[in-house]
Amino acid sequence: MTVKQRNPRDVFGEVLLELGRENESIVAVSCDSGAGSGMDPFKQTLPHQYLEVGINEQNAIGVCAGLAEGGSIPVVSAIAPFISMRAFEQVRNDLGYTNMNVKVIGSSSGLSHSALGSTHQAIEDLSLMRVIPNMVVLNPGDCYEVEMSLREAIKHKGPVYIRMPRHPMAEPLEVSQRNFKLGKGEVLMNTGNEIVIAVSGTLTVDGLMTGKILDEMGYGVKVLNFTTVKPLDTEILYEAYNDAKYLFTLEEHSEIGGFGSAVLEVLGPVKQGGPIHIVGIADGSINTGPYRELLEAYGLTWEKVVDRILNVIQK
């Protein structure tokens with residue numbers, strides 16, 4: 001995997017500015033989070049396409065719905081727990097049921113704001129956004145996926161939720177080896193179907209490292225990556241699961257209602273395949289601390305994931 005790390009907020013800001021220059025219909029909307037979201041270059045260069053509404057997520061969604069009704073393509077950003085939870089009713093009613101062409105950016109998702117505690121950590125947002133009708137849900141885990149998620153979201157006609165990472169991220173494979181398509185998963189590693197690891201979001205590199213360690217131990221491993229959580233790529237899941245002895249899902253999210261739950265919903269009726277285990281956060285984000293240390297505490301670093309998988313398959 002590539003070692004170089006890039007800042008996803010910088011990439012988001014660069015791509016948003018590029019798209020805004022190309023299309024005057026794109027309007028960036030901030031909830032007192034323009035700098036933290038990476039929108040400052042857009043604000044400085046295209047001030048007539050930028051709107052700051054302050055700490056007012058519920059009204060921001062209403063404003064965006066109005067802009068979309070008038071033909072604009074609003075891209076609204078706020079810290080993930082506030083835009084997904086505080087404004088849930090507005091997102092559901094004003095964007096989902098009306099199928100409004102608004103792009104909702106959940107900035108600093110998951111455990112990103114690790115030092116600020118449960119109020120600022122978002123491990124429930126996928127659960128909420130998945131149930132909203134017409135909502136496409138994207139969970140990028142590296143800068144390539146951030147860029148492609150934003151580009152494809154702008155092309156898509158309808159509401160999209162992008163769960164944005166905060167910290168600099170390494171990329172699991174060179175960009176030349178990637179093949180991003182909205183609604184499609186991708187195979188990152190394939191040495192067999194004994195253990196299938198399906199990962200979404202910020203733990204992609206940890207998932208791939210887990211696969212490589214297990215492969216070195218003699219297990220046949222397939223690692224699948226899903227940037228799109230809704231709609232989920234059922235074809236790649238069915239193909240991998242049919243011959244799998246074990247399937248593990250991996251995500252920086254609650255084990256309830258997230259990516260793992262989406263996988264179970266798809267594979268539940270399938271008669272073939274082995275047991276499915278969800279690897280995520282079980283009891284809520286109750287801890288604070290440095291980001292990687294917090295991941296380790298929840299058993300989500302590759303070292304911990306290897307142990308968790310071995311504890312299952314060696315019983």
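These legends accompany several views of a predicted model of one protein chain.

**View 1**
Along its principal axes, the C-alpha trace spans about 60 × 40 × 40 Å. Of the 315 residues, 60% count as buried. The chain exposes about 12500 Å². Carbon and sulfur atoms supply 49% of that area. Now consider contacts between residues at least 6 apart in sequence: 78% of them join residues at least 24 apart.

**View 2. Helix α4 packs with helix α6.**
Helix α4 covers residues 57-69, and helix α6 covers residues 88-96. Their axes lie 9 Å apart. The angle between the two helices is about 5°. Angles under 35 degrees count as roughly parallel, and α4 and α6 are therefore roughly parallel to each other.

**View 3. The residues where α4 and α6 meet.**
From α4 come Gln58, Ile61, Gly62 and Ala65. From α6 come Gln90, Val91, Asp94 and Leu95. By class, this contact has four nonpolar, three polar and one charged residues.

**View 4. Valine 104 in strand β5.**
Is valine 104 buried or exposed? Valine 104 has a relative accessible area of 1%. Buried means under 20%, so valine 104 is buried. Leaving aside residues up to four places away in sequence, valine 104 touches Ile61, Val76, Ile83, Leu95, Val160, Tyr161 and Ile162.

**View 5. Valine 104 and histidine 48, a pair apart in sequence and in space.**
In sequence, 56 residues separate valine 104 and histidine 48. In space, C-alpha to C-alpha, valine 104 and histidine 48 are 20 Å apart.

**View 6. Serine 107 in strand β5.**
Strand β5 covers residues 103-107. Serine 107 has a relative accessible area of 6%. With the cut-off for buried set at under 20%, serine 107 is buried too. Which residues does serine 107 touch, not counting residues up to four places away in sequence? They are Gly36, Ser37, Ser77, Ala78, Ile79, Ala80 and Met164.

How values were computed. Residues numbered from 1 in each chain as written. Predicted model: local features only at pLDDT ≥ 70, side-chain atom pairs only at ≥ 80, totals over all residues. Heavy atoms only, no water. Axes fitted to C-alpha atoms, helices over the stretch in contact; angles between N-to-C directions. Helix = DSSP H or I, 4+ residues; strand = E, 2+ residues; numbered from the N terminus. Parallel < 35°, antiparallel > 145°, perpendicular 65-115°, else oblique. Contact = heavy atoms within 4.5 Å. Nonpolar A, V, L, I, M, F, W, Y, C, P; charged D, E, K, R; others polar. Buried < 20%, exposed > 50% of the residue type's maximum accessible area, 1.4 Å probe, protein only. Areas by Shrake-Rupley, 256 points an atom, 1.4 Å probe, with all protein chains shown as cover.
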